Amino acid sequence: MKRTGAKATYAAPAIEKAFEVLELLVRWPEGALVSEMAADLGRSVGELFRIVVVMEQLGYLKKSQTTDRYTVTYKLLDLAFRATPSQDIVRAALPEMQVLAIEAGQSCHLVVPNGGSGMVVAREEQPGTRGFALKVGARIDIVRSCSGQVILAFSNDQRGEQIVRAAESERGIAIDRAWLAERKSAIRAAGFDLRKSPITHGVTDISFPIFGFDREIVAALTIPFLELIDGSQKVHIDAARDLLRAATARVSDRLGYQPDAG
């Protein structure tokens, strides 16, 4: 992988290859053979074999005993939790998420910004037989998703612009700033976002912000409210919204957030 620009002053080929392998395996959920990785990356098997074996020895990759395919382990996720503020956020949020899932009868998930995307760092499934939930580690569209727009709406101008520019860079497209400004303004006025899922029929996303001690948004807690055809969901969507509002307020309080008294 050829690097250009100021950041190409130093080169560490082995490290670059290791990250190429990790990024490739994101696109291969069933795992990949070393030969398949080499073909996908335009490298030789010899270039990657030692890198992959060392990554396996260090616990970042796992090799299937039956197919010889390599997949990414949870070690990276564990490191991310311990090396970033996500650990504190998840620790503060999980008890409230567990109660919320029981009281609302709905699943919920916690999203934090990650470059130009959102990432699900925790989820709690509702205890019944029917539900809808996103996987931990799932990347979401931070510009168009309910959770993402809540994060952008309550971010300060500088941070919000950094996220949007990162999203544009990752996707290679320009984002309509006027449209986004209207969405953010409406969300700030309401204090949350609630809208039909653009992806899943029968699901209405509800999302509220979580704030840290510095009064900056740190995450969005979201219920993908699943409305059952027979109306047998545990609570009405308005009640779920109120439960979510209260839960996010308590999580923010755990993180040291003090609302502006004025």
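Which residue takes a positive phi in the hairpin of S7 and S8? Arg215 does, near 70 degrees, and the hairpin has five residues between its strands. Hold that spot while I set the ground rules.

This is a predicted model: local features need pLDDT of at least 70, side-chain atom pairs count only at pLDDT 80 or more, and totals for chains, interfaces and linings use all residues. Residues are numbered from 1 along each chain as its sequence is written, and side-chain values use heavy atoms, with hydrogens and water left out.

Strands first. Helices (H or I, at least four residues) and strands (E, at least two) are DSSP runs, numbered from the N terminus. Two strands pair if DSSP finds at least two bridges between them. Strand S7 covers residues 203-211, and nine bridges join S7 to S8. The two run antiparallel. Look at Ile210: opposite it, in S8, stands Ala219.

S8 has another partner. Three bridges join S3 to S8, again antiparallel. Here Val111 has Ala220 of S8 as its bridge partner.

How many residues of strand S8 are buried? Ten of the ten, across residues 217-226, so S8 is largely enclosed by the rest of the structure. Buried means under 20% relative accessible area, exposed means over 50%, and partly exposed is in between (1.4 Å probe, protein chains only).

Now go to Gln106. Gln106 sits in the loop between helix H5 (86-104) and strand S3 (108-114). Gln106 is buried, at 4% relative accessible area. What does Gln106 touch, leaving aside neighbours within four places in sequence? The contacts (heavy atoms within 4.5 Å) are Leu100, Ala101, Gln126, Ile223, Pro224, Phe225, Leu226 and Gln233. A polar atom of the Gln106 side chain lies 2.8 Å from the backbone nitrogen of Leu226. Gln106 and Pro127 are 21 residues apart in sequence, and their C-alpha atoms are 8.1 Å apart in space.

Last topic: charges. A salt bridge is a side-chain nitrogen of Lys or Arg within 4 Å of a carboxyl oxygen of Asp or Glu. How many turn up in a search of the whole structure? The search finds 19 salt bridges. I'll show you some.

Take Asp68 and Lys63. Their side chains meet in a salt bridge, 3.9 Å from N to O. Asp68 is partly exposed, with a relative accessible area of 40%. Lys63 also counts as partly exposed, at 28%.

Next, Arg177 and Glu168. In this salt bridge the closest N and O atoms are 2.6 Å apart. Are the two partners buried or exposed? Arg177 is partly exposed, at 32% relative accessible area. Glu168 is buried, at 17%.

Then Arg195 and Asp193. The closest N and O atoms of this salt bridge are 2.7 Å apart. Asp193 counts as buried, at 6% relative accessibility.

Find Lys17 in helix H1, residues 13-26. Lys17 counts as buried, at 15% relative accessibility. Not counting residues up to four places away in sequence, Lys17 touches Arg43, Glu47, Leu48 and Ile51.

Key: A polar contact is a pair of N or O atoms within 3.5 Å; within protein, one must be able to donate a hydrogen and the other to accept it, and residues adjacent in sequence count only if both atoms are side-chain atoms.
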